[in-house]
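Please open the structure in your viewer and keep the selection tool at hand. We will go stop by stop.

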Amino acid sequence: SHDVGLVDESASTFITQWKNTNHTLITIRHLLQMASGLQWEENFKKGFLSRTTSVELVYHSADMVAYAASLPLASQPGTEFIYSTGDSQLLSYVIDQIVSHDMEDDSTGTVQRNYDFMQKSLFHPLNITSATIECDLSGMFMGGSNALMSAEDWLRIGQLMLNKGWSNDGTLQILPEAWIDMMISPSEVSGSKYGWQLWTYDEELMGNYTEIPIDTYMILGYNHQIMCVIPSRNAVFLRLGFFTGDQKDPQSFIPYFQALQDILEVSP
């Protein structure tokens with residue numbers, strides 16, 4: 001794990017095609033907070049042939065990092081929150097470059113390098129055995145989508161967050177506690193609804209559910225794959241399934257938050 005201070009470095013330190021361009025204003029923190037300022041439309045519902053930036057990235061790009069890095073700036077970095085799978089994909093490349101730099105022997109290639117890193121640093125220590133992280137044709141893992149695991153293994157990730165980066169038995173620190181604290185701290189640019197690559201408590205969405213504490217935070221995936229972590233209740237809740245409606249519609253979350261409310265009401 002690297003010092004949290006690294007997040008305020010220009011992402012161009014690792015994404016070298018941005019050097020000597022106005023993209024040098026984008027920091028790693030901006031990517032973590034979905035505030036890079038890169039032109040983006042997050043919409044998969046228009047269909048695979050729609051050529052929105054999100055569809056272009058995931059379904060039509062052999063090199064997803066190259067595509068995301070080529071996007072122009074639409075706003076000043078750090079001033080506008082736009083949920084972007086592209087920002088997450090660029091973060092995957094930053095991680096890859098740090099891992100490559102730290103390795104004594106980097107002759108295994110991108111796919112094997114990242115597989116080894118994830119297995120040794122995260123999955124093996126947590127006893128996660130079902131994880132599949134898909135790669136694009138360049139060999140770079142898909143940092144913003146296509147991470148597949150069983151329900152049990154997703155809950156192990158949630159438990160890691162609940163434990164502030166420690167393994168469930170408390171013997172191994174996998175992530176620094178300071179990193180978890182920053183991840184779950186709502187950012188000002190998001191209107192205090194988003195931290196670092198996860199959603200924080202949203203008064204507009206959750207305020208009517210009095211049993212849901214304000215320290216709740218969530219990982220929300222495509223088609224309403226939802227994991228809620230509630231530190232004050234020492235609890236992790238997971239929903240896996242399929243959803244065919246408009247997942248951007250706030251009303252679509254009502255059944256899930258109502259179910260969470262009902263569970264918390266009868267839980268100690």
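The domain bounds used on this tour come from an automatic or database domain assignment. The model itself is predicted.

**Stop 1: the two domains**

Select residues 5-102 and colour them as domain 1. Then select 172-266, which is domain 2. The centres of domain 1 and domain 2, taken over C-alpha atoms, are 24 Å apart. Where they touch, domain 1 contributes 18 residues and domain 2 contributes 17.

**Stop 2: the interface**

How much area do domain 1 and domain 2 bury between them? The value is about 1300 Å², with 61% of it on carbon and sulfur atoms. Look for charged pairs across the interface of domain 1 and domain 2: the count of salt bridges there is zero. Polar contacts do cross the interface, in four residue pairs.

Now show the side of domain 1 that touches domain 2. Helix 1 (28-32) and helix 4 each supply at least two of its residues. Helix 1 gives the largest share, three residues. By type, this side of domain 1 holds nine nonpolar, five polar and four charged residues.

**Stop 3: salt bridges**

Side chains of opposite charge can pair when their charged atoms come close. Across the whole structure, seven salt bridges turn up.

Select Arg113 and Asp96. They form a salt bridge, with 2.8 Å between the closest N and O atoms. Arg113 sits in helix 5 (residues 110-123) and Asp96 in helix 4 (residues 85-102), so the pair ties together parts 17 residues apart in sequence. Are these two buried or exposed? Arg113 is buried, at 7% relative accessible area. Asp96 is buried too, at 2%.

Next, select Asp153 and Arg156. Their closest N and O atoms are 2.5 Å apart, in another salt bridge. Both lie in helix 6 (residues 151-162), three residues apart, which is about one helical turn. Asp153 is buried at 2% relative accessibility, whereas Arg156 is partly exposed at 34%.

Last, select Glu211 and Arg233. Their side chains meet in a salt bridge of 3.8 Å, N to O. This pair links distant parts of the chain, 22 residues apart. Glu211 is in the loop between helix 8 (203-206) and strand 4 (217-221). Arg233 is in the loop between strand 5 (225-230) and strand 6 (235-239). Glu211 is partly exposed at 28% relative accessibility, and Arg233 is partly exposed at 24%.

Note on methods: Residues are numbered from 1 along each chain as its sequence is written. This is a predicted model: local features need pLDDT of at least 70, side-chain atom pairs count only at pLDDT 80 or more; totals for chains, interfaces and linings use all residues. Side-chain values use heavy atoms; hydrogens and water are left out. A salt bridge is a side-chain nitrogen of Lys or Arg within 4 Å of a carboxyl oxygen of Asp or Glu. Helices (H or I, at least four residues) and strands (E, at least two) are DSSP runs, numbered from the N terminus. Buried means under 20% relative accessible area, exposed over 50%, partly exposed in between (1.4 Å probe, protein chains only). Contact means heavy atoms within 4.5 Å. Buried area is the accessible area (1.4 Å probe) that two parts lose on being put together, summed over both. A polar contact is a pair of N or O atoms within 3.5 Å; within protein, one must be able to donate a hydrogen and the other to accept it, and residues adjacent in sequence count only if both atoms are side-chain atoms. Ala, Val, Leu, Ile, Met, Phe, Trp, Tyr, Cys and Pro count as nonpolar, Asp, Glu, Lys and Arg as charged, and the others, Gly among them, as polar.
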